[in-house]
There are 2 protein chains.
Amino acid sequence: MSEVGSRSAGRREPPRTGSVPTLLVLDAEPPPRLGRLTGRARIVHTDAAHLAERLPGADALLVWDFTSTAVREAWPGAGPRPRWVHTASAGVDHLLCPELAASGTVVTNARGIFDQPIAEYVAALVLAVAKDLPRTLEQQRERVWRHRESRRVAGTRACVVGSGPIGRAIVRLLKALGVTTALVGRVPRTGVYGPADLDRLVSRADWVIAAAPLTEATYRMFGAHVFGVMQPSAFFVNVGRGDLVDEDALARALTRRWIAGAALDVFAAEPLPPDSPLWDLPGLVVSPHMSGDTVGWRDELGRQFVELYERWAAGRPLVNVVDKKRGYVPGH
Amino acid sequence: MSEVGSRSAGRREPPRTGSVPTLLVLDAEPPPRLGRLTGRARIVHTDAAHLAERLPGADALLVWDFTSTAVREAWPGAGPRPRWVHTASAGVDHLLCPELAASGTVVTNARGIFDQPIAEYVAALVLAVAKDLPRTLEQQRERVWRHRESRRVAGTRACVVGSGPIGRAIVRLLKALGVTTALVGRVPRTGVYGPADLDRLVSRADWVIAAAPLTEATYRMFGAHVFGVMQPSAFFVNVGRGDLVDEDALARALTRRWIAGAALDVFAAEPLPPDSPLWDLPGLVVSPHMSGDTVGWRDELGRQFVELYERWAAGRPLVNVVDKKRGYVPGH
């Protein structure tokens, strides 16, 4: 495993011919598709407790259990370590740490797998809320027939925060429903507004959608200020990361009717504890971090990793390479 | 009111110059926008109980209370009667009777008002079911965090029955979501399958959507046969009329898991009685005939009627003219 140390010291040779790289897999249950790598990888499974001791002997690390923050805690500050880390998730906030960011280790993510599923999930929430479906289900339980007027979705306005592939997929699908959309990213560019426009766009939006990566710049960016700027009729959706939101501020905004409602698929603490006040806040839909996970998603994640592994093992350039300073794969 | 009798005898003169036609309005609460007709119509409001005695004196009838079947019951077999009947609904099943069909009276409907709202409503149901939203809301009430895989909507197949403007709007919106759609009408034509293809299309569909007018040909067309042909994973939606569906057969199909679920917005008896078994059938979403009724709909219906009235009073051709034999406004 001498490559490991040499790579971190700046040399970039591919794995030695004839050698088989050691692939460490942090998982709770084995990923699909890894059988494809038989003979081309020495696969070592690990749990969080044994990660630190196994990292120095690994050439590559697959973070399959993307709910774990063990990598951030176990990453070695110096010495041998994996040359490549792949996470089976779009977000990389759970693994980036200063030592990993400073190292020569390449980090890749599952960019592309979750875009369409999450866009559909957001569209489902927007339509269900406009059509008052949660109340319909509630009145059905009570056998109450109460005709109500619902809202058109076409012609409403959405502000989507996060200009990566997920945010852009959300914009495309909402546009297909006739929604007027504005996309906000870190830096203004063609088709993307910058942070300076956020207040103005949020104040006009019927739907404010959080789909940004969790970074220092986005940590709790949805707080009292944003909820205060939103219209009282507007609805907030978070499909990014829990810590994009100041949950206490959201609870106050809902309780005081600053905004009409919200849907959170992600939370600062997951699973959401049974005693969390978020479970029964007025107008809040709580879902268990499922927006991107459609039938077959694990298989797609496995297939994507195998493709990346084949590139890596052949010394070809990787795709989905994370900018470790920014905390995401830089966009187009 | 001599025009009334003469019109039914075949003569077609417009209202006499200087005369003001009598507009009878069957309503529970007054329609908006009729103030626009001040001086151009003598407006007489009526309830169902007084409809029969007032019909002979009316030149035109606006059926604003489209839940009422009073017209069918009160329509005179002979003698003076309105030359024009407009209903503030897409369906005309509640007013057509043999005497009205045989008469020279023109019937118009609210074609166009409900297309987009109902299409959005169907899209909301399809997305909410694919994303398992009803179960999410249920588990939220129980403070249960249970991650599940949900389904992609793009790539699924829908069979939409009813090739009028509502069915076509549903097809357009589902297509925008990436759904493969088949539209079924009474007569096959470009872009529309005929009844002979129904079984084949239904058997392959993930979503079967009823959006047909209620006629002799469509009465209870969704019964044991169709539910038996559907896939066990498929979902049925009715946004047409309650009597398109054999509700007992649907109840059996759901109880026996012939199909995965259904959503009914319309029922044979409305409001659905509190003791109906439909309220808590497994997998059935019950909503109170609201799919087309978005904020501002009454105003739009009023505006549409005023426009039609102006055409009629000026002797110009009406639009949205119902084929009284077929029971709907013929095709596009």
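**Note on the chain A–chain B interface**

1. B:Cys159 is buried, at a relative accessible area of 1%, and A:Cys159 is likewise buried, at 1%. Buried here means under 20% relative accessible area, with a 1.4 Å probe and protein chains only. Over all chains the structure holds 0 disulfides, a disulfide being a pair of cysteine sulfur atoms within 2.5 Å.

2. This is a predicted model, in which local features need pLDDT of at least 70 and side-chain atom pairs pLDDT 80 or more, while totals for chains, interfaces and linings use all residues. Residues are numbered from 1 along each chain as its sequence is written, chains are lettered from A in the order written, and side-chain values use heavy atoms, without hydrogens and water.

3. In the interface, 55 residues of chain A are in contact (heavy atoms within 4.5 Å) with 55 residues of chain B. The two chains bury about 4,800 Å² between them, 63% of it on carbon and sulfur atoms; this is the accessible area (1.4 Å probe) lost on putting the two parts together, summed over both. In chain A, the residues losing the most area to chain B are A:Arg143, A:Trp145 and A:Trp279, together 18% of what that side buries.

4. The rule finds 8 salt bridges across the interface of chain A and chain B, each a side-chain nitrogen of Lys or Arg within 4 Å of a carboxyl oxygen of Asp or Glu. A salt bridge joins A:Arg152 and B:Glu120, with the closest N and O atoms 3.3 Å apart.

Technical notes
Buried means under 20% relative accessible area, exposed over 50%, partly exposed in between (1.4 Å probe, protein chains only).
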